[in-house]
Amino acid sequence: MLESIGLSRQDEAVYEILIRRTRATAADLAHDGHLSVAVARRSVQSLVALGLAIRAPGRPVTYVVVAPDTGLEAVLRDRERSLSEVRAQVAGLMDVYRAATRFVNPDDLVEVVSGREDVNRRWAHMQQSTRTQVRGFDRPPYAAVEAHTEPNRDELALLDRGVAYRVIYDSTVLSLPGWLDDVTVGIRHGEQARIAPGLPMKLAVSDDRLAIIPLLRPGDNAVTASYLIHPSPLLDALIALFEALWDRSVHVRAHEGVTTEDGQEELSPQEARLLTLLAAGATDKAAGRAMGWSERTVQRHVTKLMQRFGAQTRFQIAMEATRRGWI
């Protein structure tokens with residue numbers, strides 16, 4: 001879960017050990033984590049660099065964990081500031097785009113495709129010709145009601161063929177009924193899904209050779225226009241924008257519930273889905289729409305989870321669920 005703030009799985013494991021101990025030497029962390037002292041020291045130094053732990057004075061060198069609600073919130077605020085800076089670069093990208101279209105033959109850099117049938121045909125061809133990976137931003141509005149409730153058949157076929165899909169969904173999709181079911185299908189086939197607020201546009205990039213930016217014409221949901229962007233500094237900039245947002249977005253994982261070794265249900269499928277939505281930042285209202293529940297029902301389930309975990313906040317629920325490997 002904490003990969004999105006710059007921690008490796010190894011760093012996260014050491015962080016959990018330090019949280020349980022509250023203070024420890026690198027040797028202590030190595031012993032508990034079955035690691036070499038050098039590996040444990042590198043991981044705890046990563047925690048110090050992020051402000052999640054501090055080095056206590058004296059010898060032997062001892063590391064003290066910062067309260068997670070303080071340390072992680074500070075990291076998240078820093079990531080949000082960085083994300084705002086990335087978002088501010090969109091205007092600069094548009095300047096590059098406008099300059100390119102003034103001085104380069106549009107056929108060499110940008111194609112304009114109009115009409116839903118032509119756009120869909122080019123999008124399908126773009127996916128089917130992908131060899132390595134598709135990267136994309138997905139956000140409302142959608143041209144059709146079904147657009148967010150039916151799996152992308154081309155994507156599922158390509159995932160089964162070994163093509164990687166990395167998709168960042170705008171946080172507004174969390175309130176769409178059926179969205180979680182749809183994205184879960186893709187995740188089961190191998191899609192890597194993440195959530196981020198305020199995506200600047202829809203975007204899909206095939207390998208490193210072609211990008212598509214579909215735009216609905218204002219006031220006319222029946223007609224679409226898309227821009228196909230070929231290898232160029234503009235395409236490079238769009239890929240860089242995707243990677244920057246990917247590093248700062250939140251994982252979405254598919255879960256079917258959790259049972260103990262003797263078959264007792266520890267976490268129901270509904271609770272697992274709710275935890276996924278909460279970890280992605282869904283409000284009670286958005287989670288209710290996604291689950292088909294009322295806000296009051298969502299709040300009742302959240303309260304039950306807090307009581308079960310002995311948590312005082314939703315953040316603590318997420319921390320405990322992560323510790324147990326549920327999200």
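Two strands pair if DSSP finds at least two bridges between them. I keep that in mind for the hairpin of β2 and β3. The model I am reading is predicted.

**Entry 1. The chain as a whole**

I began with the totals. I count 14 helices and 13 strands in the chain. Of the 327 residues, 45% are buried. I then looked at contacts with a separation of 6 or more: residues 24 or more positions apart account for 69% of them. The accessible surface is about 16800 Å². Carbon and sulfur atoms hold 51% of that surface.

**Entry 2. The sheet of β1, β2 and β3**

Which order do the three strands take in this open sheet? I read β1-β3-β2, with antiparallel pairing. The edges are β1 (23-24) and β2 (53-56), each pairing on one side only.

I took β1 next. Two bridges join β1 to β3, and these strands run antiparallel. R23 has V64 of β3 as its bridge partner.

β2 and β3 (residues 62-65) pair in the antiparallel sense over four bridges. I noted two of the partners: A53 bridges to V65, and I54 bridges to V64.

I checked the side chains of β3 against a rule. In a regular strand the side chains alternate between the two faces of the sheet. In β3, T62 and V64 point one way, while Y63 and V65 point the other way. All four names on that list are buried.

What lies across β2 and β3? I found helix α3 (residues 37-50) there, running at about 45° to β3.

**Entry 3. The turn between β2 and β3**

I went back to the hairpin. Five residues sit between its strands. Among them, G58 takes a positive phi near 100°. I also looked up the peptide bond from R59 to P60 and found it cis, with omega near -5°. P60 belongs to the loop between β2 and β3.

I searched for positive phi in residues other than glycine and noted H34 and D207. H34 has phi near 55°. H34 is in the loop between α2 (26-33) and α3. D207 has phi of about 50°. D207 is in the loop between β8 (203-206) and β9 (210-217).

Is H34 buried or exposed? H34 is exposed, because its relative accessible area is 74% and the cut-off for exposed is over 50%. D207 comes out at 13% relative accessibility, so D207 counts as buried; the cut-off there is under 20%.

**Entry 4. Strand β5**

I turned to β5 (residues 133-138). Five of its six residues are buried, so β5 is largely enclosed by the rest of the structure. With β6 (residues 164-170), β5 pairs in the parallel sense over six bridges. With β8, β5 pairs in the antiparallel sense over four bridges.

**Entry 5. Helices α11 and α13**

Two packed helices are described by the angle between their axes and the distance between the axes. I looked up both for α11 (residues 269-279) and α13 (residues 295-309). The axes come within 11 Å and cross at roughly 95°. The two helices are therefore roughly perpendicular to each other; the range for that term is 65 to 115 degrees.

Which residues meet here? From α11 I listed E271, L274, L275 and L278. From α13 I listed V298, H301, V302, L305 and R308. By class, this contact has six nonpolar, one polar and two charged residues. An α-helix has 3.6 residues a turn, so residues three or four places apart point the same way.

**Entry 6. Helix α12**

Why do I call α12 (residues 284-291) largely enclosed by the rest of the structure? Because six of its eight residues are buried. I wrote them down: D284, A286, A287, G288, A290 and M291. These buried residues pack against α11, α13 and α14 (314-323). After α12 comes G292, with a positive phi near 80°.

Definitions and conventions:
Residues are numbered from 1 along each chain as its sequence is written. This is a predicted model: local features need pLDDT of at least 70, side-chain atom pairs count only at pLDDT 80 or more; totals for chains, interfaces and linings use all residues. Side-chain values use heavy atoms; hydrogens and water are left out. Buried means under 20% relative accessible area, exposed over 50%, partly exposed in between (1.4 Å probe, protein chains only). Contact means heavy atoms within 4.5 Å. Accessible areas come from the Shrake-Rupley method with a 1.4 Å probe; for residues, only the protein chains shown count as cover. Axes are lines fitted to C-alpha atoms, for helices over the stretch in contact, and angles run from 0 to 180 degrees between N-to-C directions. Angles under 35 degrees count as roughly parallel, over 145 as roughly antiparallel, 65 to 115 as roughly perpendicular and the rest as oblique. Ala, Val, Leu, Ile, Met, Phe, Trp, Tyr, Cys and Pro count as nonpolar, Asp, Glu, Lys and Arg as charged, and the others, Gly among them, as polar.
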